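Please look through the model below with a reader who is meeting it here. The questions ask how each description is reached, and the answers set a value against a criterion.

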Amino acid sequence: MGELIVNTSGGAPIPLTAYLIVSLIMFFAGIYGFFTRKNLILILISIELILNSVDINFAAFNRYLFPDRMEGLFYALFVIAISACETAVAIAIVINVYRKFGNTEVDNIQQMKN
Amino acid sequence: MLEQIIFSILAIAIALFSVLAVTSKRIIRSAIYLLFVLLATAGLFLMLNYHFLFAVQVTVYAGGIMVLFIMAIFLTHKPGKIVERRTNLKIISSILLSGGGLILCGYIILRNVTRVYNYLKINEINMQDIGRAMMGTEKYQFLLPFEAISLLLLACIIGAIMIARKEKNIETNDNKDLDHK
Amino acid sequence: MNFLIIFILIPVIMLLSLFAARNRKQILAIMVTGSIALVAASVYLVIRYVTENDTTTGTMLFTSTHMWYKPLNIGFSLGVDGVSVAMLCLSSVIVLTGTFISWNIQPLTKEFFLWFCLLSLGVFGFFITTDLFTLFMFYEVALIPMYLLIGIWGSGKKEYSAMKLTLMLMGASSLLLVGILGIYFSAGAVSMNILDIANIHIPLDKQLFFFTLTFIGFGVLGALFPFHTWSPDGHASAPTAVSMLHAGVLMKLGGYGCFRVSIYLMPEAAEILAPLFLVLTATGVFYGALSAIHQRDLKYINAYSSVSHCNLVLFAILMLTRTAMTGAVLQMLSHGLMTALFFALIGTIYQRTHTRMINEMGGLMKVMPFLGVAFVIAGLASLGLPGLSGFVSEMTIFIGAFENADIFRRVLTIIAISSIVITAVYILRMVGKFLYGPIQNEQHAALTDAVWYEKLAVVILIAGIAYIGMFPLGLSDMLNESLSLIK
Amino acid sequence: MDMDYTLLILLLPLCSFLFIGLSGTKLKPAVAGIVGTLSLTAVTLLSYYTAYDYFSSQNISGVWQTLTPYNFTWLHVGEKLHIDLGILLDPISVLMLVVISTVSLMVHIYSMGYMKGEKGFQRYYAFLSLFTFSMLGLVLATNIFQMYIFWELVGVSSYLLIGFYYTKPAAVAASKKAFIVTRFADFFFLIGILVLSYFTQTFDFEALLIGDGSILSGAMGSTFIGASALTWAMALIFIGAAGKSAMFPLHIWLPDAMEGPTPVSALIHAATMVVAGVYLVARMFPIYIGFTPEVLQGIAYGGAFTAMFAAVIAIVQTDIKRVLAFSTISQIGFMMVALGVSTSMQLAEHEHGGLGYMASMFHLFTHAMFKSLLFLGAGSIIHAVHSNEMADMGGLRKYMPITHITFLIACLAIAGIPPFSGFVSKDEIMTAAYGFGTGMGIWMTITAGLTAFYMFRLYYRIFWNKEYEVHGGHLPHESPRSMTIPLMFLALLTLVGGFIPFGKFVTADHTQYTIHLDTTIAIISVVVALAAIGLATILYRKENDQPARLAGRMQGLYKAAYHRFYIDEVYQFITKKIIFNGISRPFAWFDRHVIDGAINGLGWITTRTSEAVKGFQSGSVQWYAWVFLFATLLITFLTILFTH
């Protein structure tokens with residue numbers, strides 16, 4: 001686990017573990033949604049949950065482990081940006097699928113033809 | 001003490017709404033629950049003293065992306081429609097798997113993470129620092145990823161437009177195909 | 001340049017010129033010339049072998065090695081002893097007669113002969129090489145064309161049979177590959193050449209394992225009971241020439257391989273595991289013969305008969321005495337000629353009657369005396385009439401098997417001997433049903449006897465059978481000397 | 001010492017076989033016949049000359065020498081063992097030479113007339129030559145394996161000749177049966193040879209038979225299930241002999257073999273091939289008598305039973321060839337008995353020691369002559385009336401005088417009436433049998449009486465009894481010259497054969513000894529024979545209902561004997577029901593369904609598995625993700641599990 005960093009602050013009000021647990025719950029909720037949902041939009045929502053939980057981790061790790069740097073912050077930023085892109089494209093696709101099949105079920109597009 | 005209370009509220013909100021977001025039967029509710037989760041996350045960022053991140057989260061996520069979602073839902077769904085569900089087998093297996101994952105990862109976290117953090121009370125990171133870090137080309141500066149992201153963003157915008165654009169001819173053909181079926 | 005390479009060169013040249021051939025005449029000319037050249041080459045080989053062979057040591061002659069894959073020490077090693085010389089002669093004779101028998105093959109004549117040539121290339125390569133991997137490679141070369149030859153030019157449920165045959169033999173060759181690599185590595189990985197490995201003592205525990213693998217691997221091709229089921233279906237569906245080559249030569253690859261690889265390289269394991277496989281092979285001898293009694297299709301009868309005879313080959317090899325092994329090789333030759341003759345005759349008769357069911361035919365002796373007489377001769381050879389090859393080989397095997405003094409082997413030998421009675425039963429039943437008696441089908445009365453090319457093929461084969469049967473001394477001694485390597 | 005011309009005796013028939021066989025139908029039928037007959041004539045003359053040469057020159061101080069003019073190695077099998085082909089001359093092989101060539105020549109000549117116009121005439125002569133060659137090779141064998149080789153060849157030529165009328169299903173079935181039954185016996189013969197040769201490391205007769213028997217000590221020493229290996233070997237070899245010689249219960253092929261042309265029956269199934277078994281036992285006699293007398297005793301009992309058994313069946317058969325066939329079986333039984341009863345006597349004493357052996361060989365000789373005469377006579381009759389059934393005959397003496405007279409001579413000979421040859425040889429057998437034990441003697445006397453009875457029943461039913469009724473539009477007439485000359489020649493031999501001083505030539509220990517008749521036994525035999533003939537005369541000379549009444553009174557026995565005691569049915573049951581349906585069919589089924597089914601099942605499982613696995617690659621990303629996560633978690637879990 002690398003070198004052991006001593007907790008010098010004399011006790012943070014909220015432990016890092018708490019953040020991680022929160023993000024973990026969010027992450028697996030997203031995973032669950034990704035597995036069980038049939039609707040493309042709902043799958044997207046699940047993915048957003050997953051991404052968001054990662055953001056929390058980035059920020060929390062940055063804050064707790066390397067407070068004098070900003071990588072976590074920036075990666076969280078980038079993730080947000082990328083998720084925005086992804087959502088835009090995905091929703092475009094969803095709308096297209098909707099036009100083709102009349103609904104947004106993921107089962108329709110199992111086969112990448114027609 | 002106050003911080004802990006706020007954190008607890010936020011944490012409970014996140015946990016609750018994420019689960020609701022993925023289990024709700026109505027799609028619009030899922031979206032709204034997602035919005036709550038995103039906002040709560042923003043709250044967490046605030047607690048971590050990342051104000052800029054908080055702002056981005058609220059504007060881009062809760063503002064931009066959610067609007068996109070809601071628009072898409074309105075475009076493709078009748079309001080109040082109940083979404084179809086997977087078969088029980090799939091749901092159960094997914095519950096087991098994600099539950100198992102949760103337990104496993106939780107175990108790892110609880111076992112390993114407690115001893116290694118270091119929390120420093122620092123002031124709010126001011127915008128100049130962020131701007132410099134983002135626009136600089138030196139060590140710990142992020143111009144290149146920033147530019148890459150912006151290019152990506154551009155590509156996505158164009159792509160989204162291309163995909164969502166209506167192509168008259170093809171569409172009619174496809175509709176015919178559908179009719180046949 | 002090793003002179004043995006000619007056995008690979010001729011088929012290759014035949015292949016190339018077949019590509020260029022325009023019409024049937026040219027194709028046949030190429031095939032006949034090529035196969036006569038092969039026969040000539042094997043005759044020349046016999047002469048050179050006999051003159052140069054040192055009868056006391058019985059070592060391999062004309063050896064040479066040309067490394068072609070250094071990391072695994074795979075070499076193109078050549079070399080022959082009496083056994084391979086005999087097998088080469090057999091193969092060339094069968095290729096020649098097979099060509100005559102498939103004189104009128106339709107459709108896709110050119111393609112048929114192309115694959116046929118490739119098949120014989122594999123067979124010849126197999127017999128002249130002494131490198132484990134090259135041996136295996138040629139074995140595969142011989143197997144693959146089989147699928148197409150049966151699948152395209154076969155009859156009956158040919159796709160099923162071709163698939164079954166290929167899959168079973170492929171499965172066997174996977175065992176074989178493991179076995180070969182195992183031998184190579186457990187021998188210390190210095191050379192893939194059999195002659196070199198033979199000087200190295202392989203640890204016994206490894207011998208036991210790899211003996212089983214290679215013996216079963218080759219045994220499947222040699223119709224080892226209970227892995228023989230590809231044989232009846234495969235033979236029944238295959239076109240005549242392919243049946244001939246397959247039963248006549250390809251199945252001998254199994255016996256030859258068992259003896260050249262399994263027994264030669266791992267004699268101790270052979271000693272230990274022989275009882276197990278002896279039980280299987282003795283069962284196979286008895287069982288194949290009994291199953292043949294009940295068949296109605298001529299090809300099935302002969303296929304089961306082949307199972308019985310080929311198991312006898314393996315049985316004799318496992319007896320691990322020189323006499324029995326000589327008998328095994330004689331049996332390979334004898335069975336090769338005999339079964340090729342059978343299939344040739346069945347094929348020519350089938351071409352005329354369009355049925356192979358013995359109960360739908362009868363009295364054909366009157367209609368086609370030449371084929372009938374030839375069939376009776378083949379039958380008599382099969383049931384071991386003195387003066388024909390079957391007797392010589394069977395007797396050598398039985399006497400050789402009896403050299404082992406233990407009751408277990410004796411009892412198995414007696415079981416194997418009992419097959420001569422059963423063989424008589426099914427051969428005579430078959431001959432009696434479809435050649436003798438009154439003519440069953442009126443349409444058959446108008447059929448014609450064999451034409452010249454069929455007659456030629458049949459006569460060549462009968463001559464071979466009679467030669468071995470009447471003057472076995474030279475051949476048997478040649479084989480016996482070569483087998484001094486083994487024991 | 002030379003006598004190397006004997007090689008020609010083997011080569012001539014072989015060449016004529018190859019010549020006639022290979023030229024096939026290109027040869028004119030008559031030419032084929034003449035070629036065959038000429039070569040056989042040469043062989044016969046050579047055989048006679050050999051006999052003359054041998055018996056005039058090869059006697060050194062009263063002991064007949066054993067010669068091997070030729071012997072070359074045919075095949076090496078093992079370190080010491082080798083199979084030779086060669087020629088061995090000693091009294092019995094020379095005797096057999098004469099018998100075979102004489103009968104064969106007669107049959108060749110006879111067939112010129114009998115088979116005239118038959119389709120496949122050339123083939124017939126080719127087969128005859130092949131048979132003669134094989135038979136001669138058998139008797140001249142220098143070693144037991146050569147004997148086995150020619151033994152098999154004889155079997156095949158017999159198969160080919162029985163099945164000569166191959167379009168007749170009955171003939172095909174009979175030939176098949178003959179071959180398979182004898183093959184079955186040969187199986188034991190072969191095992192016997194293997195056992196014997198394993199211990200002695202030689203096949204050679206000279207090495208085996210001449211000497212003090214030290215070579216057999218290995219076989220004597222090792223035992224298997226209570227008997228020595230030698231006993232086993234000799235018993236197994238005898239089974240082979242019993243198969244060829246149609247001993248009970250392996251006799252079933254012989255009556256059926258009568259489906260072949262009649263001259264063939266005369267040659268193979270009366271005079272030569274069927275006595276091969278007797279010859280074999282005689283050949284191995286020194287071992288039998290010296291080391292395994294128990295087997296020889298068994299042979300005696302087997303022979304005695306067969307003799308009586310076949311005689312009883314012969315009484316009620318109505319097919320004349322079958323009567324003769326059973327008569328043959330019975331007579332071979334006599335020969336076997338004669339060999340078998342030698343056990344009770346010391347070999348050293350000439351008075352008895354060689355008696356059984358000599359009697360057997362003598363009877364073999366005389367029987368060959370009169371039995372082939374009977375068969376050829378029967379052939380002549382069948383030729384005339386076109387039927388084998390007694391019911392279609394009767395009163396033929398007027399139409400066929402030569403056949404009648406010769407047939408009568410043969411009947412008298414087989415019945416044992418002096419001075420015909422059969423009387424002398426049979427009397428020697430009787431003497432030997434009484435020497436063995438009174439029970440055996442009486443048993444054989446009764447059998448001899450039965451023989452006289454059924455032969456005269458046959459004789460009267462053919463030539464006397466009722467008047468001939470014309471069936472086919474023409475009256476029967478005497479056969480052509482080519483057929484009657486052999487009859488007369490054989491009749492002559494039958495008349496004088498008994499006067500040959502046989503003991504001078506053929507004895508067990510190759511020394512000479514003089515035959516003398518035991519008057520008491522001779523008188524008993526003749527009286528019994530005459531009584532039996534008298535009974536037959538009463539019953540069958542004129543057509544009457546007495547035989548039928550007699551049959552009615554002993555209905556059970558009559559029916560059983562008529563159906564040959566149902567032995568064929570038993571075999572039929574064993575082969576058809578048990579072996580064919582009970583064993584072979586399940587085997588075939590097992591192969592198709594279990595073994596092949598296992599292979600196909602393997603294929604089916606593979607297909608099924610791939611069907612099932614195919615679902616994994618559904619194209620559903622969610623499913624892929626599920627598997628991905630599952631695997632990741634699993635690996636993580638395992639890592640944790642094993643690192644802590």
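## How the descriptions are reached

Of the 644 residues in chain D, 56% are buried. The model is a predicted one.

Q: What makes a residue of chain D count as buried?
A: The criterion is that 20 or more other C-beta atoms lie within 10 Å of the residue's own C-beta atom, and buried residues make up 56% of chain D.

Q: What helices and strands does chain D have, and what box do its C-alpha atoms fill?
A: Chain D has 26 helices and six strands, and its C-alpha atoms, taken along the principal axes, fill a box of roughly 115 × 65 × 55 Å. Among contacts in this chain between residues at least 6 apart in sequence, 79% join residues at least 24 apart.

Q: How do you know that the length of helix α19 of chain D agrees with its number of residues?
A: Helix α19(D) covers residues 438-463, and at 1.5 Å a residue its 26 residues should span 38 Å. The C-alpha atoms at its ends are 37 Å apart, which agrees with that expectation. Just after this helix, D:Asn465 takes a positive phi of about 45°.

Q: Why is strand β4 of chain D described as largely enclosed?
A: Strand β4(D) covers residues 82-89, and six of its eight residues are buried, so this strand is largely enclosed by the rest of the structure.

Q: How do you know that β3(D) and β4(D) pair, and which way do they run?
A: Pairing needs at least two bridges between the strands, and seven bridges join β3(D), residues 67-76, to β4(D), with the two running antiparallel.

Q: Why does C:Leu345 count as buried?
A: The cut-off is 20 or more neighbours, and C:Leu345 has 29 C-beta neighbours inside 10 Å, so it counts as buried. This residue lies in helix α13 of chain C, residues 322-353.

Q: Which residues does C:Leu345 touch, leaving aside those up to four places away in sequence?
A: C:Leu345 touches C:Leu371, C:Ala374, C:Phe375, C:Ala378 and C:Val458. The C-alpha atoms of C:Leu345 and C:Ala450 are separated by 9.3 Å, although the two residues are 105 residues apart along the chain.

Q: Which residues touch the most other members of the largest nonpolar core?
A: In this core of 428 residues, C:Ala316, C:Leu341, C:Leu345, D:Val281, D:Val337 and D:Phe456 touch the most other members. Helix α6 of chain D, residues 169-200, gives the most to the core, with 20 residues. Apart from it lies another core, of 72 residues, among them A:Tyr32, B:Ala72, B:Leu97 and B:Ala160.

Q: What makes up chain A, read along its sequence?
A: Chain A follows the pattern α-α-α, with three helices and zero strands. Buried residues make up 52% of its 114 residues.

Q: Which pair of chains has the most contacts, and where is no contact found?
A: Among the four pairs of chains that touch, chains A and B have the most contacts, with 70 residues of chain A in contact with 75 residues of chain B. On the side of chain A that touches chain B, α3(A) gives the most, with 23 residues. The residues of that side divide into 49 nonpolar, 14 polar and seven charged. No contact joins chain A and chain C, whose closest C-alpha atoms lie 32 Å apart, and none joins chain B and chain C, for which the closest C-alpha atoms lie 37 Å apart.

Note on methods
Residues numbered from 1 in each chain as written. Chains lettered and ligands numbered in written order. Predicted model: local features only at pLDDT ≥ 70, side-chain atom pairs only at ≥ 80, totals over all residues. Helix = DSSP H or I, 4+ residues; strand = E, 2+ residues; numbered from the N terminus. Expected span 1.5 Å × (residues − 1). Core = buried A, V, L, I, M, F, W, Y, C linked by C-beta atoms within 7 Å. Buried ≥ 20, exposed ≤ 12 C-beta atoms within 10 Å, placed from the backbone. Contact = placed C-beta atoms within 7 Å. Nonpolar A, V, L, I, M, F, W, Y, C, P; charged D, E, K, R; others polar.
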